[in-house]
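Let's take a look at the charged pairs in this model. Here is the structure to follow along with.

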Amino acid sequence: MGTDVKRFPIRFRHLVFMYRLLGMSPANSWIEVEPDVVRAKMGWAFRTEFPRTSVSSASLDTSRVLGWGVHGWKGEWLVNATSDGIVRIAIEPRTCAHVLMLSVRLGVLRIGVEDPDGLIRALTARKP
């Protein structure tokens, strides 16, 4: 991983053993911000890659969280292992993500990370 890549681990607080059994551990669950690309994954259950210029906004998400894991509907996907530290990333134009090996449309990614403020700064900073 180069020095211009910033990796933000997904926040795990509870049931870490269960997530590991399911193949979604802290070691393979993160979001990376590069100068031109954003990549996110949660084990084998979720992955996406899109141009950084497609990020139209990134902010702390205080909306209610009703579950943990990977779930979504109509282009809005929640990728989390806890109920806090969620960042809401609006993506325009919509992009493609892979959920349980199926291709889905992605317009909003809600992702729970260890350093939500750092992720927001990385996504909204001007390109070097």
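## Ground rules

This is a predicted model, where local features need pLDDT of at least 70, side-chain atom pairs count only at pLDDT 80 or more, and totals for chains, interfaces and linings use all residues. Residues are numbered from 1 along each chain as its sequence is written, and side-chain values use heavy atoms, with hydrogens and water left out.

## R11 and D84

R11 counts as buried because its relative accessibility is 11% (buried means under 20% relative accessible area, exposed over 50%, partly exposed in between, with a 1.4 Å probe and protein chains only). Its partner in a salt bridge is D84, with the closest N and O atoms 3.2 Å apart (a side-chain nitrogen of Lys or Arg within 4 Å of a carboxyl oxygen of Asp or Glu). This pair links distant parts of the chain, 73 residues apart: R11 sits in the loop between β1 (6-9) and α1 (16-21), and D84 in the loop between β7 (76-80) and β8 (86-99). Helices (H or I, at least four residues) and strands (E, at least two) are DSSP runs, numbered from the N terminus. D84 is partly exposed, at 36% relative accessibility.

## Strand to strand

R39 and E49 also form a salt bridge, their closest N and O atoms being 2.9 Å apart. Here strand β3 (residues 37-42) holds R39 and strand β4 (residues 46-51) holds E49, ten residues apart.

R88 pairs with E76 in another salt bridge, at 3.3 Å between the closest N and O atoms.

## The wider picture

R88 and E76 belong to a salt-bridge network with D61 and R110. In total, the structure has seven salt bridges.
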